[in-house]
Amino acid sequence: GVMGKSLALNALDKGLSVSVYNRDTLAEKEVIPDFQTQANHPALQGFTNLEAFVNSLQKPRKILLMVTAGNAVDGVLGNLTSLLSKGDILMEGGNSYYRDTQRREKHMQSKEVHYLGIGISGGEAGALNGPSLMAGGNMEAYELVKPLLEKIAAKDTNLQPCVSLLGPNGAGHFVKTIHNGIEYAEMQLLAEVYALLRPSLSQEEIYEVLLSWNEGPTSSFLLETTLGILQTKEEDAFLLPKVLDVAKSKGTGTWSGEAALRYGVPATLLIQAVMARAVSNRKDLRVSLEEKLDDTPFEATVDTEKLKMAYQFARILNHAQGMELISETSKEEKWNINLFEVTRVWSNGCILRSQLIEELTAILQKQPSLLEASKIYTSLVQWEGAVNETLIASMEQRTPLPCMSSALQYWYGMTTANSSANLIQAQRDAFGAHTFQRNDRPSSDFFTSSWNLNG
């Protein structure tokens, strides 16, 4: 695939000797010959025979699998394992579910073969020029491949490689999963900004607004990508309005949401981003329901400066929720993940690279809780009013902003000392005798009551 080819070219460019293998099916018969022609490099060997490929490698062999997540990985491992020797290192670079990685690592341990799950971010350009690499596995295996990974990785602002062993077994793939969950919400927030501005501004005007944002704290790779999309034309007409408004998704967004639900972490933005894509897929029903509306949506006046504040507000909370999800899962899995190291690795080469990531990295170097950092807290308080006004404008023109709205509701919840959850717990006790704690008694004590259910 594209990522595998780009990583191989990256390694060759960094002075490494590389062997590549691809299956020799009818549809993929020319993959290896074409790649050898493309690379045209004396340090490259190409194979369509798996045993010959394995035998071409120095021991301990270091093999990076770039295979579609799921059953395909297990299929390749089934063919590969019998050809390996004690101490060889397998690195899986696809977007695999972290529990599958844990299972595979345990199986490979029984074969005395090392297994590293490595999350790779950056797309084709990142893979070619320097990706962000999130490794999970044992230190012994990582130390053997560390010099190779550091050569091909992107560099942070201190010129350190954007690669790290973040924890054992599935830690690397889990961090990549949450990276993608945060990415879902970042993409959705940009789509919401576009949706809110579209009724009142031309595409050229939206471009000019976002271009001014791509400097300073709101600059990011995803915003830069969006600017490129807004400029793209086909036969003198903008291409974006011709793209069907149905957004597809793969497993990582869903897995992020599942992890949040499993560990009780309020990662509301990434869940809303996944749900927004699900809503987009109900295209026929959306069209049918809109046609039945009698009123014409009001075109609201959108203050772009306040919209920018609302965008910053939501982005900070999106990243804070993702960091909490990584932290809580790390505790449950006993991974001991360092959040500073996570954002440092994300600071270059990956889809999430941004000025915000660099700012969060500096904060996480000093303290693990982003919401309790004075700079973050002060900014959120300052921007709360702008989010309110932006959401009012969105309701006036019936523009759905699920992630931005979720950010404000989360903020309200997190800054409310006395919530209404006392009623929920009373309801649980009333119909199910689930007990409750009292605010006038020690928290270690639990009570139940004969609630007056009959009036």
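Modeller: Ala, Val, Leu, Ile, Met, Phe, Trp, Tyr, Cys and Pro count as nonpolar, Asp, Glu, Lys and Arg as charged, and the others, Gly among them, as polar. The model is predicted, so local features need pLDDT of at least 70 and side-chain atom pairs pLDDT 80 or more, while totals for chains, interfaces and linings use all residues. Residues are numbered from 1 along each chain as its sequence is written, and side-chain values use heavy atoms, without hydrogens and water.

Colleague: How do the residues lining the second largest pocket divide into nonpolar, polar and charged?

Modeller: A pocket is an open set of points on a 1 Å grid over the protein atoms alone, where a 1.4 Å probe fits, with protein on both sides within 12 Å along at least five of seven lines, and lining residues have an atom within 4 Å of a point. Sorted by type, this lining holds 29 nonpolar, six polar and 12 charged residues.

Colleague: Which element gives the most to that lining?

Modeller: Helices are DSSP runs of H or I with at least four residues, numbered from the N terminus. With nine residues, the element that gives the most to the lining of the second largest pocket is α8.

Colleague: Is N180 buried or exposed?

Modeller: N180 sits in α8, which spans residues 171-197. Buried means under 20% relative accessible area and exposed over 50% (1.4 Å probe, protein chains only). Because its relative accessible area is 6%, N180 is buried.

Colleague: Which residues is N180 in contact with, leaving aside neighbours within four places in sequence?

Modeller: Contact means heavy atoms within 4.5 Å. With those neighbours left aside, the contacts of N180 are N95 and T252.

Colleague: Which residues is M404 in contact with, on the same terms?

Modeller: Neighbours within four places in sequence are again left aside for M404. Its contacts are L189, E192, V193, L307, A310, Y311, A314, V387, T390 and L391.

Technical notes. Helices (H or I, at least four residues) and strands (E, at least two) are DSSP runs, numbered from the N terminus.
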